[in-house]
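The following note sets out points for a colleague who will examine the coordinates. Please read the numbered points alongside the sequence and the model.

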Amino acid sequence: MAVSMPSQPGAVVEFRDVVKCFGQTVALDRMTFTVSAGETVSLLGPSGCGKTTTLRLISGFEEPDAGAIEIAGESMIGKRPYERNVGLLFQHYALFPHMTVAENVAYGLRHRGWAKGEIPARVAEMLQLVQLEGFEARRPAQLSGGQQQRVALARVLATSPKLVLLDEPLSALDAKLREQLRLELKQILTSVGSTTIVVTHDQEEAMSLADRIIVMNRGRIEQQGSPDEIYMRPRTPFVAAFIGRANWFHGHVGKFLGNGLAQLVTTAGTQLAIRYPDAIQGASFSACVRPERIAMGGPDASAGDPSDNLVPGKVVDVVNMGAELHYVVEGNDGRIVVVEPNRAGPRVRNGDQVWLRIRADDCVALPRSEP
Amino acid sequence: MSGRRLDDCLRLIGLTMIGTVICFLVVPIMVTTLMAFDARPYLGPLPPPALSLRWFSRFFSDDYFINGLGTSVELACLSVVLSLGCGVAIAVGLDRMSFAGREALTSLFLSPLIVPPVVTGFALLLFLAQMGVINGFARLLCGHIIITIPYTIRATLAGLAGIDRSLTEAALVLGARERSAFWEITFPLARTGIVSGAIFAFAVSMDDVSVSIMLTDAKTYTLPIALISSMRANFDLSIAAASVMLMLLTLALILILEKAVGLNRAIGQGVFR
């Protein structure tokens, strides 16, 4: 008899070394992760990274080739979708077009064995939760995209599933509505206290909804952690490049500056102080700096802190995004993007010579990503 | 300039062709309809000097025609039901398949559309004789199911093709078994396709000569067969009257079902995605 590893207590979902192939393509390569009760986890990655496969494996539309999948401590191998207590919010809602809003919300209740008499009250309760009272008799086609989304959410949550899966929940909506519904969605999910997995390729969706982000690439987990960790402390060049904008400096370790700081000598000869306690003399590496962590000053700028770096450059483009200004600065190491809030006062203009102040702590040292 | 003249010329040719085709489609039917109401007891030149219903009453007083009409209606209804049953099942099966043989299998099921009906009829006659089936109605029923099934399969496939797979998946995740998901989601959404398949099947069955003529016997024959053999024996205008009634029957059927399906669509706002 095979000895099964003990499942982690409190885990709602547990993946252990799950492998899934489609023909020659390996969609998931020994994927291992857990989701604890009440947690909202986001699976984030580009298309083809295996996040949708993971979702389909959890909901039971696909079976793994190897590995274990458990939901609430129970193995899901061989279980049909209707034998799992999982709710799935489809990207395009998948509302039943020939049924009314109330019938849609009641569908899961009818099939999950709710008493006939209790269903109308539960439907009303769910529609109240998503603020759609009075829409019971409408057909999905008579609703706006945002309303359809909320009906779909009510339908998913009605049966109180152990786990809620959201497949690109906001991607079908336009930008303005997306922001509003993101807040609503988060509020509703928090208020019902559900354990949630959000599958998305949109980093904003992941950052704003999730307590923890699992960044996936080519069927493997690149990194997992809180949104802040993922954003500020990426551990691979892929994560740094995929999430948010990044400025890159490529070079090798020069001298050690003490206090956990090392000097990066870039290929263009720029010397940067970087927090890099594990640096090895002469090793080549890349440093990544987020655009909003760079401060821009005129020619008279001076380092506020002795460990701060000052890099000269010339502004070649200014893009006004409304809330913030994006500056493209041409330096010795290529173009650097700087983001600053759109405040009142004198502005740096196109063609100005500037000094960029980069704190050593804001530079993330990563394995060399490109020459 | 000359390019523009060429355009005008081509447009004129196009309009002429459309007009001609419409003439050939409509004029013979109009002539037939007019002649069916001819009061003269013989086949005379157009236009008829007076109108009457004599050919209609002649049709209904002829047992040969009435017998054929009865068989035709009975046959059409039965073959629609059976061909719909098989056709929907086959279409659902084909729709769910993903392997490479799916296309080949679809073509196979639609092949009665390509095989000449006379060949189908003759082959079936030989086959059924070998099997010992000599009952005329049973033979006709087999033939009519074969010729109507491509229509029910194809229409159902078209109906199923418009249904987003995620709807079925949503039903399954919400706790519905495959069977419930089919009857509650897939079937109602494919209904438009299924109903139009039934209309086509009925019309094809009512109309068929080539296959039926091989499979009739002395006592069991369809209305089109009765019309043809009566026309050979003594050509009179009760055939025109029968044609008018066949046309009206088909028209009524299409209107009724269109209304039924159309109404349904109106309720669903026409967006069965």
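1. Of the 371 residues in chain A, 38% are buried, where a residue is buried if 20 or more other C-beta atoms lie within 10 Å of its own, exposed if 12 or fewer, and partly exposed in between, with C-beta atoms placed from the backbone. This is a predicted model, in which local features need pLDDT of at least 70 and side-chain atom pairs count only at pLDDT 80 or more, while totals for chains, interfaces and linings use all residues. Residues are numbered from 1 along each chain as its sequence is written, and chains are lettered from A and ligands numbered from 1 in the order in which they are written.

2. Chain A holds eight helices and 20 strands; helices (H or I, at least four residues) and strands (E, at least two) are DSSP runs, numbered from the N terminus. The C-alpha trace of chain A spans about 75 × 60 × 35 Å along its principal axes. Among contacts in chain A between residues at least 6 apart in sequence, 64% join residues at least 24 apart, two residues being in contact if their C-beta atoms, placed from the backbone, lie within 7 Å.

3. Chain B, by comparison of content, has 11 helices and zero strands. Its C-alpha trace spans about 75 × 70 × 35 Å along the principal axes. The radius of gyration of chain B is 23 Å, whereas a compact globule of 273 residues would have one near 19 Å; the radius is taken over C-alpha atoms, and the globule rule is 2.2 Å times the number of residues to the power 0.38. Buried residues account for 33% of the 273 residues in chain B. For contacts in chain B between residues at least 6 apart in sequence, 77% join residues at least 24 apart.

4. Which residues touch the most other members of the largest nonpolar core? Of its 132 residues, they are A:V105, A:A154, A:L165, A:I274, A:A287 and A:L356. A nonpolar core is a set of buried Ala, Val, Leu, Ile, Met, Phe, Trp, Tyr and Cys residues joined through C-beta atoms within 7 Å. A second, separate core of 17 residues includes B:I225, B:A226, B:L237 and B:A242. Leaving aside residues up to four places away in sequence, A:L356 touches A:I294, A:M296, A:V311, A:G313, A:V329, A:I336 and A:V338.

5. In chain A, five strands form an open sheet in the order 15-19-16-17-18, with antiparallel pairing; two strands pair if DSSP finds at least two bridges between them. Strand 15 (294-297) and strand 18 (334-341) of chain A are at the edges with a single partner strand each, so one side of each is left without a neighbour in the sheet. From one strand to the next the twist averages 45 degrees, with axes being lines fitted to C-alpha atoms, for helices over the stretch in contact, and angles running from 0 to 180 degrees between N-to-C directions.

6. The covered face of strand 15 of chain A carries A:I294 and A:M296, and the uncovered face carries A:A295 and A:G297. Strand 17 (residues 324-331) and strand 18 of chain A run antiparallel and are joined by eight bridges; the partner of A:V328 in strand 18 is A:V337.

7. Helix 1 (residues 51-59) of chain A is largely enclosed by the rest of the structure, because eight of its nine residues are buried. Among them are A:K51, A:R56 and A:I58. Just after helix 1 of chain A, A:G60 takes a positive phi of about 95 degrees.

8. Most residues other than glycine have a negative phi. A:R30, in strand 2 (residues 25-36) of chain A, has a positive phi of about 50 degrees; with 15 C-beta neighbours inside 10 Å, A:R30 counts as partly exposed. A:S160 lies in the loop between helix 4 (145-158) and strand 7 (163-167) of chain A, and its phi is near 45 degrees. A:S160 has 14 C-beta neighbours inside 10 Å and therefore counts as partly exposed.

9. The contact between the chains takes 19 residues from chain A and 20 residues from chain B. On the side of chain A that touches chain B, strand 6 (86-89) and helix 2 (101-111) of chain A are the elements that give two or more residues. Helix 2 of chain A supplies the largest share of that side, three residues.
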